[in-house]
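Here's a quick briefing to read with the structure open beside you. Take a look at the model first, then work through the points below.

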Amino acid sequence: MAYKRKHTRLPIECLGDILRAGEVIPCKAADLCERGMRIQVAMPLKSGEELTIVFGLGKTRRINCSIQVVRVMKGEFGAQIVKISPEDQAYLTEFLDDFLASNFGRF
């Protein structure tokens with residue numbers, strides 16, 4: 001079986017909110033990478049569903065992006081980032097690079 005994931009997910013957890021039809025639902029984004037994350041949320045989501053998520057990253061930054069649910073597991077969901085501003089994408093990439101260097105060293 002081939003390894004399907006293109007980007008390595010890092011063990012980072014962030015608190016955030018999912019925005020769905022005018023509702024704000026607290027969630028936890030975890031296992032971040034440049035193009036996706038795992039989400040823990042106390043509500044059912046459907047594979048293929050597109051939502052907006054806003055989550056804290058670092059001490060003061062909030063990332064706002066659109067995600068698509070690509071995997072449904074018990075109480076958790078795999079999500080792919082489908083829309084993100086260039087500024088938020090650059091910050092996310094830099095944050096992940098810094099986390100990787102700080103926790104796993106440079107190769």
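Leu 51 has Ile 67 in S5 as its bridge partner. That pair belongs to the join between strand S4 (residues 50–57) and S5, which run antiparallel and share eight bridges. Keep in mind that this is a predicted model, where local features need pLDDT of at least 70, side-chain atom pairs count only at pLDDT 80 or more, and totals for chains, interfaces and linings use all residues. Residues are numbered from 1 along each chain as its sequence is written, and side-chain values use heavy atoms, with hydrogens and water left out.

**How the strands pair up**

- Two strands count as paired if DSSP finds at least two bridges between them.
- The strands themselves are DSSP runs (E, at least two residues), as are helices (H or I, at least four residues), and they're numbered from the N terminus.
- Strand S5 (residues 61–73) is also joined to S6 by eight bridges, and those two run antiparallel.
- In that pairing, Met 73 sits opposite Glu 76 in S6.
- Strand S3 (residues 36–40) pairs with strand S6 (residues 76–84) through five bridges, again in the antiparallel sense.
- Here Arg 38 has Gly 78 in S6 as its bridge partner.
- As a bit of background, side chains in a regular strand alternate between the two faces of the sheet.

**Hairpins and positive phi angles**

- The hairpin of S4 and S5 has three residues between the strands, and Gly 58 takes a positive phi near 80° there.
- The hairpin of S5 and S6 has two residues between the strands, and its Gly 75 has a positive phi near 75°.
- Which residues other than glycine have a positive phi? Ala 21 is one of them, with a value near 50°, and Asp 31 is another, also near 50°.
- Ala 21 is in the loop between strand S1 (10–20) and strand S2 (23–33).
- Ala 21 is exposed, with a relative accessible area of 84%; exposed means over 50%, buried means under 20%, and partly exposed is in between (1.4 Å probe, protein chains only).
- Asp 31 lies in strand S2 and is partly exposed, at 25% relative accessible area.

**Two residues in the S3–S4 loop**

- Val 41 is found in the loop between S3 and S4.
- Is Val 41 buried or exposed? Val 41 counts as buried because its relative accessible area is 9%.
- Setting aside neighbours within four places in sequence, Val 41 is in contact (heavy atoms within 4.5 Å) with Ile 18, Ile 25, Pro 26, Cys 27, Gly 75 and Phe 77.
- Val 41 and Ile 18 are 23 residues apart in sequence, with their C-alpha atoms 8.6 Å apart in space.
- Glu 49 is in the loop between S3 and S4 as well, and Glu 49 counts as buried because its relative accessibility is 17%.
- The side chains of Glu 49 and Arg 20 are joined by a polar contact of 2.6 Å.
- A polar contact is a pair of N or O atoms within 3.5 Å; within protein, one must be able to donate a hydrogen and the other to accept it, and residues adjacent in sequence count only if both atoms are side-chain atoms.
- A polar atom of the Glu 49 side chain also lies 3.0 Å from the backbone nitrogen of Lys 46.
- Leaving out neighbours within four places in sequence, Glu 49 is in contact with Arg 20, Ile 67, Gln 68 and Val 69.

**Cysteines**

- How many disulfides does the structure hold? There are zero, with a disulfide being a pair of cysteine sulfur atoms within 2.5 Å.
- Cys 65 is in no disulfide, and the nearest cysteine sulfur, that of Cys 27, is 9.9 Å away.
- Cys 65 counts as buried because its relative accessibility is 2%.
- Cys 33 is buried too, at 4% relative accessibility.

**The chain as a whole**

- Buried residues make up 36% of its 107 residues.
- Of the contacts in the protein chain with a separation of 6 or more, 48% come from residues 24 or more positions apart.
- The accessible surface of the protein chain is about 6900 Å², and 52% of that belongs to carbon and sulfur atoms.
- Accessible areas come from the Shrake-Rupley method with a 1.4 Å probe; for residues, only the protein chains shown count as cover.
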